[in-house]
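Thanks for making time this morning. I would like to walk you through one structure, moving from its aromatic contacts to its strands, then to one helix and the annotated spans.

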Amino acid sequence: MSRVVAENISSDNNNTSQFFPHSMEIIAGEFSTATGSLPTLGQLLKHVGDVRKENTGDETPVHEILVDATERRPMPFVLSFNNLTYSVKVRCKMELPGFLRRRNRRAAASTVARNPLAGDSLFTRTKTLLDDISGEARDGEILAVLGASGSGKSTLIDALANRIAKGSLKGNVTLNGEILESRMLKVISAYVMQDDLLFPMLTVEETLMFAAEFRLPRTLSKSKKKTRVQALIDQLGLRNAAKTVIGDEGHRGVSGGERRRVSIGIDIIHDPIILFLDEPTSGLDSTSAFMVVKVLQRIAQSGSIVIMSIHQPSYRILGLLDRLIFLSRGQTVYSGSPTNLPLYFSEFGHPIPENENKTEFALDLIRELEGSPGGTKSLVEFNKSWQSMKHTRDPEPDQLGLSLKEAISASISRGKLVPGATNDVSSTSLVPRFANPFWKEMVVLSNRSILNSRRMPELFGIRLGAVLVTGFILATVFWQLDNSPKGAQERLGFFAFAMSTTFYTCADALPVFLQERYIFMRETAYNAYRRLSYVISNALVVLPGLICLSVAFAATTFWAVGLDGGFSGFLFYLLIMFASFWSGSSFVTFLSGVVPHVMLGYTIVVAILAYFLLFSGFFINRDRIPAYWIWFHYLSLVKYPYEAVLQNEFDNPTKCFVRGTQIFDNSPLREVPAPMKVRLLQAMSNTLGMRITSSTCLTTGSDILKQEGITDLSKWNCLWITVAWGFLFRILFYFSLLLGSKNKRT
C-alpha cells in the first residue's frame, strides 16, 4: 500500500508546509512547479505515477492515504451552520361533522388569532421543521444528528447539503467562514440517501467502476481508476462480494449491510471533502451498522467532514462518534461531545444511570418531555445556557486560520480527488461542474445501460415475442387480401390496427425511467453527469431494439397480408414501422419523466393512445371531424404513419379495387343476381352516357385515398413528421428532467 502525501510541493508556499507535518512526503521524490504555485491534481497524480513506475515498474495506487490516527493532525475544514430555520405550509384538517364544523372553524380562527404566524389561515398553518439550529462539523470527525422520527434529522441534513430550495431556508452555512456556493458544494461533497438506489444486475465492482468513470478526473488513466476501485472495495470490506450482483426482489445478491456500503462507496469514490448521510444504519443489524460507521470513521480520518443522521446508535457506534446534535421537533436539545452527555443530563436534573446506553436514555427522556404539557422547552432553554457556559469554561482551540482556497488546495495536494480541480481556487475554473466531457458521459451511460439490459434479456425477449405474436395473428387473420372492395376495406382495418399496435407495444418503456428516476436524481444532484448526456444515451441505447422490433413486425406481416409495392414498398413499410416505434418510445419516455407512478402512467398512456387512434382518420374522416376537435387530429401520433402506409399501398394509379358489378358489393344490391347487376350497369351506362362493363375500373387506389381524405401530405413527409415527433418528445423529456428532477425540498 502506498502513501500519497505532500511536502516540498512548493518551496514558496508556507501555508502548505505548515499544514502538513514532516511525515507527509511523496514517496521516491519531490515535486515542484516552475511557477512556485500549488500543482494541479492532474500534475500531482501524473508525477506520482511516473515516479512509482520508474522505481517499481508499476503505477502508484494514487488515492489511498495512510492516516496515523494517534498523531494529532491540524484540521483545515470547519463547516459552520448558524440559525437555520425552515418552515412549510400544511393543510388544516377539519373532520368534525354537521353543526360542529362551524364551532370548529371558530376555534380554528381563534387559534390563528392567538398565534399570528405569517401566512396562517383557516385552511393552512405554518409548521416549523427547523427552529434556529446552529453548530459545526470539523474535518476528521463524525457529526451525528439524533432524534425521534419527525424531529428534523433528515431536514437538517438536507439543509446542510443544499437540498432545500433557495428562499425557503433561513440562516447560513459556511465552510472556513466562507459561504458555500451551490456549484462548489456539489463537487466537494457527496450525499448518501437513506434508500439503496442501485442497479440490481450490476456487480459490486462494476457499480463502483461506473461511479469512478463518472466522478474521477479524466486526467486519471483507466488503470488508476481501477486501482482506486480496488482500494475502495478493500476499504469498505467488500472484497468477498466484489463479483456478486447487487440483486433485488427477484435476484439474490449481496446482503443489506454490503448494499449499504456500496451505496456509500459510489458517493465517496472521488473522496469528497464533505460527506452527508441520511440514516446510513437504518434497517441493518447491529454488526452491519457498526461496520458501516467504522468505514465512515476511516473516511473522516482520511480528511473528510462526515455528517450523518442516525435513529438510535448502539453503545459501540456511540464510541465512534465525535459530535452529537439531539433534535426535538426541530429544536436543539443537546449539542456537543458524547462524553459530556452524563454531565449535561446530571446538571439538568436527570442523571444517566450507570450501565445504561447514554443515547437511549437521552432519547427516552426527550420523548417523555415531548408528551408533557410544557414539551421540551425547558431542555431547549437549558441547552442554550449550557452552551454559553461551555464556551466560557472551554474556549475554542486555536485554528490554523486557513482560507477556503488554501484548505482546498492543501486537500487536493494531499490526494483528495476533487474532479478536475486546479490550484487557482479563487477562479471560476476551480470547480468544473462535471468531471468528464459530454461524449465521455454518453459512452459510460450507454455502456451501463447495455450491460444492465444484457443481464435481463427476458425484458426485451418478452417485448419481441409480443410483437411477433401480434404480427402472426394479423398475418393469419388478414392472409393474402384480394383487391376487391372488401379487400380494400380490410386493408384499411389492418393498417389502423398495425399502426396502433406499434405504439401500444412501446408502453413497456414507461417503467424503465420510473425505476431509474431516483438513481438519476441522486447522480445528477452532485453533477456525476449532465442531464443531456442521459437523454441522448437513453435514445441511442433503445435504437437497436427498435430496429429489431421493426424488422420482425414488417417481415411477419408485409408479404403474408399481400401488401403492394414490392421490395421498395417493403423498405418504406419497414421505415415507417421504425419511425412509429421511435415516436411511440419517445412519447412514453417523455411521460415517464412527468408521471411519478407506473400504474398512473399506464392509465395515461392507454387513454392518450386510444384518443390518437380515434382521431387518426380511420374511424372518422378528417372532413367529418368537428371543428373544435380538428386540432387533436393533427396532434395524433397515429395519423401520420397511418396515412403513410395507406399511400404506400394505394398510390398505384393502375391498381383497381372496384370493377363493374363490384360497385354493388357494399350496398343492399349485393344480393341481386349477377344478370340483374349487368342490366343495372347497362342502365347506368345509358343514363350517364358512358359505357360501363363488368371489367370497367370504377375505383383506383387514388380514389380510395381521396375518399379517406389523405391528400395533404406525401408519404415521405408523413415519415419525416413521425420521426420529428420522436425527437420532439425526447426534447420534452430533457426539459421534464431539467425542471422536475431537482431533488430539492421547496
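This is a predicted model: local features need pLDDT of at least 70, side-chain atom pairs count only at pLDDT 80 or more; totals for chains, interfaces and linings use all residues.

Let me start with a cluster that ring pairs build up: its members are Phe587, Phe590, Tyr611, Phe612, Phe615, Trp629, Trp631, Phe632, Trp725 and Phe729. Across the whole structure, a search turns up 40 aromatic pairs. One of these joins phenylalanine 348 and phenylalanine 382, whose ring centres are 5.3 Å apart and whose planes make an angle of 55°, a tilted arrangement.

How many of the residues of strand β7 are buried? The strand runs over residues 274-278, and five of its five residues are buried, so that the strand is mostly covered. In a regular strand, side chains alternate between the two faces of the sheet. In β7, Ile274, Phe276 and Asp278 point one way while Leu275 and Leu277 point the other way, and all of them are buried.

β7 has parallel partners that I would like to take in turn. With strand β6 (residues 189-192), the pairing is parallel and extends over four bridges, and within it serine 189 has isoleucine 274 of β7 as its bridge partner. With strand β8 (residues 305-309), the pairing is again parallel, over five bridges, and here isoleucine 274 stands opposite isoleucine 305 of β8. Between β7 and β8 the chain passes through helix α9 (residues 286-301), giving a β-α-β crossover that is right-handed.

Elsewhere there is an open sheet of four strands, ordered β2-β1-β4-β5, in which the pairing is antiparallel. Its edge strands are β2 (124-138) and β5 (178-179), each of which pairs on one side only. If we look at the β5 end, strand β4 (residues 169-175) pairs with β5 in the antiparallel sense over two bridges, and threonine 174 stands opposite isoleucine 179 of β5.

Let me turn to helix α24, which covers residues 674-688. Its 15 residues reach 21 Å from the first C-alpha to the last, which is close to the 21 Å expected at 1.5 Å a residue. Which residues of α24 are buried? They are Lys677, Leu681 and Ser685. Seen down the axis of α24, these buried residues fall within an arc of 85°, and therefore they line one face of the helix. On the face turned away from that buried side, α24 carries the exposed residues Pro675, Asn686 and Thr687. Just after α24 comes glycine 689, with a positive phi of about 75°.

Finally, the annotation. An unreviewed UniProt entry lists, under "transmembrane region", residues 460-481, 493-514, 535-561, 567-591, 598-620 and 719-740. I will compare two of these spans with the model. Residues 460-481 are 82% helix and 0% strand, and the C-alpha atoms at their ends lie 31 Å apart. For residues 598-620, the corresponding composition is 74% helix and 0% strand, with end C-alpha atoms 32 Å apart.

Terms used
Residues are numbered from 1 along each chain as its sequence is written. Side-chain values use heavy atoms; hydrogens and water are left out. UniProt positions are given in the numbering used here, feature names are shortened, and annotations may be inferred rather than shown by experiment. The expected span of a helix is 1.5 Å times one less than its number of residues. Buried means under 20% relative accessible area, exposed over 50%, partly exposed in between (1.4 Å probe, protein chains only). The arc is that of the directions from the helix axis to the C-beta atoms. Two strands pair if DSSP finds at least two bridges between them. A crossover is right-handed if, with the strands pointing away from the viewer, the path from the first strand over the helix to the second runs clockwise. Rings of Phe, Tyr and Trp (its six-membered ring) pair if their centres lie within 6.5 Å; planes under 30 degrees apart count as stacked, over 60 as edge-to-face and the rest as tilted.
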